[in-house]
Amino acid sequence: MSSNPSTSAAPPARKSFFGHPRMLANLFSVELWERFSFYGMQGILLYYMYYSVAEGGLGINMAVATGLVGAYGGGVYLSTILGAWVADRLLGSERVLFYSAIIIVLGHISLAVLPGAAGLAAGLILIALGSGGLKANATSLVGTLYAEKDERRDAGFSIFYMGINLGALVGPILTGLVQNAWGFHFGFGLAALGMIVGLTQYGMTRKYLPETAHQVSNPLPRNKFNKVIALTLGAIVLIVLAVALGLLTAENLAPVMATVAILASIGYFVVILTSKKVNKLERRRVYSFMPLFIASAAFWALFQQQFTVVAIYADTSLNRNLFGWEMPPSFVQSINPVFIIVFAAVFATVWTKLGDKQPSSPLKFALGLAVMGLAFLAFIPFSGGGPGSTPLLALAGILLLFTFAELFLSPIGLSVATKLAPTIFRTQMVALFFLSVSLGTTLAGWLAQFYDPATEVTYFAFSGITAIVLGIALAVASPAIKKLMGSVR
C-alpha cells in the first residue's frame, strides 16, 4: 500500500460510526489495540524482570527493575515529542502513526521471542519509540475527521478516549491470564497479536483518511536534512559509547532519563521566555505554567507508581484469593481504567454544571496532588500485615482515590498548556507538558527503589505528606498564579 494513499477512494457518505465519520471507528480500534498491547505488556513487565529464572523471569534486582520500568515509561513520553516533530516536519501524522504501529509490533515480538536481557532491551526500546509516535499522532488524526466548527468534535474525542480505556482495561486481564497459564513470553505474544490486529485493520483503511491527514504541516527545508541526519547519528553514537564505557547502565538509567527531561524542560522554558516574538502578556502566562509543570511532574511521580510500587504490593501484600482462585497480580492494573470509564463522565458533568464557579486550573492541580497524597496515606492502615494481608476491596478503594486525583489533574493538563502557550510556541508548550509526564514517570521508577515492605509505613507516609504539602502550597499560590494567567482559567 502506498505510504501516501489517495483520498479519492473515500467511503460513501452514508456510512458512519454512531453518527460520526466512519474512520473514527478505525482510529478508535487502532488506539484500543495499541493500549491493549501497551498496558497488557506493562501489566506483567515488572514481574518478568524481578521474578526468578525458575519462575520464568529474568531475576533482576527489584530496585533496578523498578528503575527500568520508570525509565521506559519516561522514554515513551520523551519519544512523543520526537514523534510529533517527525510528523510536523518530515512525514505527516498518518505515516508516522502507521510506521510507529509497525515498530510497536516488532517490540512486542522481541519481548515474546528473544530471550534474556537482549529481548528486554530491544522490546522496550522499540515499544517506547513506537508508542511515542503513535500517541503523538493518533489524537491529531481524529481532529482531521472534523471541520473546525463541527459540533460532533468533542463527542468524537470522547468515543476515541473510550477506546483507550477499554484497551487499558482488557489488556492486563488477558495477558495476566495467559502469563499465569503458559508463561511470560506467551503473555507478551498476546500483546503482540493485539497490536497486529490493530495495525492490520488500520493498514487496510488508512486510505480513507482525509487529505489533511497525509500532509506535512511544516516541512523541513531540504538544506536542513543533512544537519538533522548528523545530529541523529551523533546522538546514537553518544548513547552507544555511554553504554560501552559503562556510563549508562541499568542501575543509573532512571536518574539519567530524569536529568535529560529536566534539562530539556529548562531548555524549552529558556527558548520561549527569551524569544523576541513573545509579548509581555504571553511571557507572564509562561511563568504561570512553571508551578503547574512542577505539580504535574510531582503528581505523575506518584500516580505512575501503579506500575512499580503498587505492582509489587499487589504481588506481595494483596489477598488475591477469589473463591479459591488466585487472581494474577496484573489484574490490579485494570482497576483504574474501570473507574475512569465510570467517573470521567461524572467529573465532566460536574464541571459543566458549575460553569464559571468551577475551580481554576491551578486549584484543580492542587486538589489532584492532595488527593494523590491521601491515596498513599490510605496504604498505611494495611501496611506491615505480611503476604496476602490486604483485602482486594481496600486496594480498590485506594485506586479509586488514584482515579479521582487523575481526573482533577490529567484531563486539563494539555488544555491549560495550549491556553497558556504563546502563539508561536503552542506545540512547544504541549511538549513541555509531556516532559513533565516523562519526568514524573521516570521518578516513579526511581522512587520505587526506596520501597521496602519492612519500612513501607515510612515510604507511604513520606510520599503522601509530601504530595499534600505541595498541593496546599499550590492552592495558596493559586491567586498569584491566576493573576499571571490573565484571562485564562
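Biologist: By about how many degrees does α11 bend, and at which residue?

Modeller: A word on the source comes before the reply. This is a predicted model, in which local features need pLDDT of at least 70 and side-chain atom pairs count only at pLDDT 80 or more, while totals for chains, interfaces and linings use all residues. Residues are numbered from 1 along each chain as its sequence is written, and side-chain values use heavy atoms, with hydrogens and water left out. Helices (H or I, at least four residues) and strands (E, at least two) are DSSP runs, numbered from the N terminus. The bend at a residue is the angle between axes fitted to the seven residues ending there and the seven starting there. For α11, the bend is about 35 degrees, at Phe343.

Biologist: What span should helix α11 have?

Modeller: The expected span of a helix is 1.5 Å times one less than its number of residues. Helix α11 has 20 residues (335–354) and should span 28 Å; its end C-alpha atoms are 28 Å apart, in agreement. After α11 comes Gly355, with a positive phi near 55 degrees.

Biologist: Which residues of α11 are buried?

Modeller: Buried means under 20% relative accessible area, exposed over 50%, and partly exposed in between (1.4 Å probe, protein chains only). In α11 the buried residues include Ile335, Pro337, Phe347 and Trp351.

Biologist: How many salt bridges does a search of the whole structure find?

Modeller: A salt bridge is a side-chain nitrogen of Lys or Arg within 4 Å of a carboxyl oxygen of Asp or Glu. The search finds four. One of them joins the side chains of Arg35 and Glu34, at 2.6 Å from N to O.

Biologist: Are Arg35 and Glu34 buried or exposed?

Modeller: Arg35 is buried, because its relative accessible area is 4%. Glu34 is likewise buried, with a value of 1%.
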